[in-house]
Amino acid sequence: MGEWGQIGPLHALFLDLAPGSSFKVGMSFVLEKPPVFAETPDSLAARLVAIGEKAFRAGQVFDWLYKKRVFAPADMKNLPVSLRTWLAGTFDFEPNQPVRESISGDETRKHLQRLRDGSLVETVLLSAPREAESEDGGADAEGRVPSGAGAVTGHSRRRLTVCLSTQVGCAMGCRFCASGLEGFSRNLSAGEIVGQLLSALSVAAREAAPKTARDVVSGAGSPPPAVPVLPDNIVVMGMGEPFANYDNLLAALRVFNAPWALGLGARRVTVSTCGLVPRILDFARESLGTRLAVSLHGATNAVREQIMPINKTWPLEKLLPACEVFSREHGRMLTLEYILIDGLNDSSGQALALAGIAARLHAHVNLIPCNPVPGLPWRRPPSARSARFFDILCHRNISATLRREKGAGIDAACGQLRRQHAA
Ligand code: SAH
């Protein structure tokens, strides 16, 4: 997890199973019931019709889930009791269980969530002053202003960004990253990705509610929030490589975007990739409107491949043309993320090469002083050196930000909280 407050802003695993049957999510784990959060109006309506129910009931179920954030079928009062019972027996309605939270002084909250098989994933909530982050007052492409954490209190001007994970662990092996240290376990299903967001939003709503309604850790027995929280932005930048879990990612992004679900404007969602070229090209063709961030971290192959093994498969001469295709198809600036690591990628030569790449791609550069990860040797450069790197970009008219890394105090770099919990 790095600097992700700045960038604002995404199916196919439709579990085609007979109600009540089991399905495989990961490599060896079998869930008893599929999460309801992977359903769409078409898929749920088809199941309802198959059991003799009316198709319109699907819309009522989604209304309870996404508009009212009521997750217990028993509480879905406008549904027949027999349908409530069927729903409860057929689908898993529990969003992921929050097990632990770290709060940092810089208003970064990191949540560890437990999935049904006991796997732990990390989700980060970042709250920032709205004025500092936006010139558009927070309105999306359609001119709507989502009800961020501020909507709960009615007057807050804070902007809520949620950072989501897509895998348990990661197989990409980036040298600076905590997520990959214990290897890759499994992909999250589409329903688990959506459930992760809903779980984080429930916690945010409880935190913003009067103290007596708070039950941050267990969530058990607490009343549903009076005003459901919507995030201003979602960044898919937590544990895992989203494009290595492409179909489930897209299914989740469509739920975020769909008017029958969360209705978040696609430009509020950013997906971050280490550079899986074929998927970047697929994503460009999807025309979801979702933003893209590319983790670059090295401006030449010689430096990048020391940090990111993926560069051996997809070196810059393949990655950069794919980024150009995405920008062209999408018509929007992409973001290049660049972690500054002392003595490794922070030279003037790298800054100049990065300026050349950013100019070619018309990309925004996000410079992130490296978060130290216990067990890894990397350190962030002295601040004067980071500032000089930033100045080189600015002098070449590159749109860039150099920010104090958020969440350093709570081990918010990708994968750190989970490692600590396991220790
Ligand atoms: N696999 C995806 C998403 C996970 S990493 C990708 O590679 O983009 C996403 C971001 O987390 C990285 O680009 C970086 O910005 C941040 N990050 C990970 N480890 C970090 C560390 N040790 N210090 C600072 N930022 C880190």
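Trainee: Where should I be careful, say around residues 212-220? How does the pLDDT look there?

Mentor: It stays under 50 over residues 212-220. This is a predicted model, and for that stretch it has 17 contacts beyond four places in sequence.

Trainee: And what's the mean pLDDT of the protein?

Mentor: The mean is 82, with 76% of residues at 70 or more. Residues 132-155 are another stretch below 50, and the model gives them 50 contacts beyond near neighbours in sequence.

Trainee: How should I read the coordinates where pLDDT is low?

Mentor: Not in detail.

Trainee: OK, switching to helix 2. Which of its residues are buried?

Mentor: Helix 2 runs over residues 57-67, and its buried ones are Ala58, Val61, Phe62, Trp64, Leu65 and Tyr66.

Trainee: What covers them?

Mentor: The cover includes helix 1 (41-50) and helix 3 (81-90).

Trainee: What about just after helix 2, what does arginine 69 do there?

Mentor: Arginine 69 takes a positive phi, about 55°.

Trainee: Now helix 12 and helix 13. At what angle do they cross?

Mentor: Roughly 35°, with the axes of helix 12 (residues 348-361) and helix 13 (residues 383-395) coming within 9 Å.

Trainee: Left-handed or right-handed?

Mentor: Helix 12 passes helix 13 in a right-handed crossing.

Trainee: Which residues meet there?

Mentor: From helix 12 you have Ser348, Ala351, Leu352, Leu354 and Ala355, and they meet Phe389, Ile392 and Leu393 of helix 13.

Trainee: How does that contact split by class?

Mentor: Between helix 12 and helix 13 there are 7 nonpolar residues, 1 polar and no charged ones.

Note on methods. Residues are numbered from 1 along each chain as its sequence is written. This is a predicted model: local features need pLDDT of at least 70, side-chain atom pairs count only at pLDDT 80 or more; totals for chains, interfaces and linings use all residues. A residue is buried if 20 or more other C-beta atoms lie within 10 Å of its own, exposed if 12 or fewer, and partly exposed in between; C-beta atoms are placed from the backbone. Helices (H or I, at least four residues) and strands (E, at least two) are DSSP runs, numbered from the N terminus. Two residues are in contact if their C-beta atoms, placed from the backbone, lie within 7 Å. pLDDT is the predictor's confidence in each residue, from 0 to 100. Axes are lines fitted to C-alpha atoms, for helices over the stretch in contact, and angles run from 0 to 180 degrees between N-to-C directions. A crossing is left-handed if the near helix is turned anticlockwise from the far one by less than a right angle, and right-handed if clockwise. Ala, Val, Leu, Ile, Met, Phe, Trp, Tyr, Cys and Pro count as nonpolar, Asp, Glu, Lys and Arg as charged, and the others, Gly among them, as polar.
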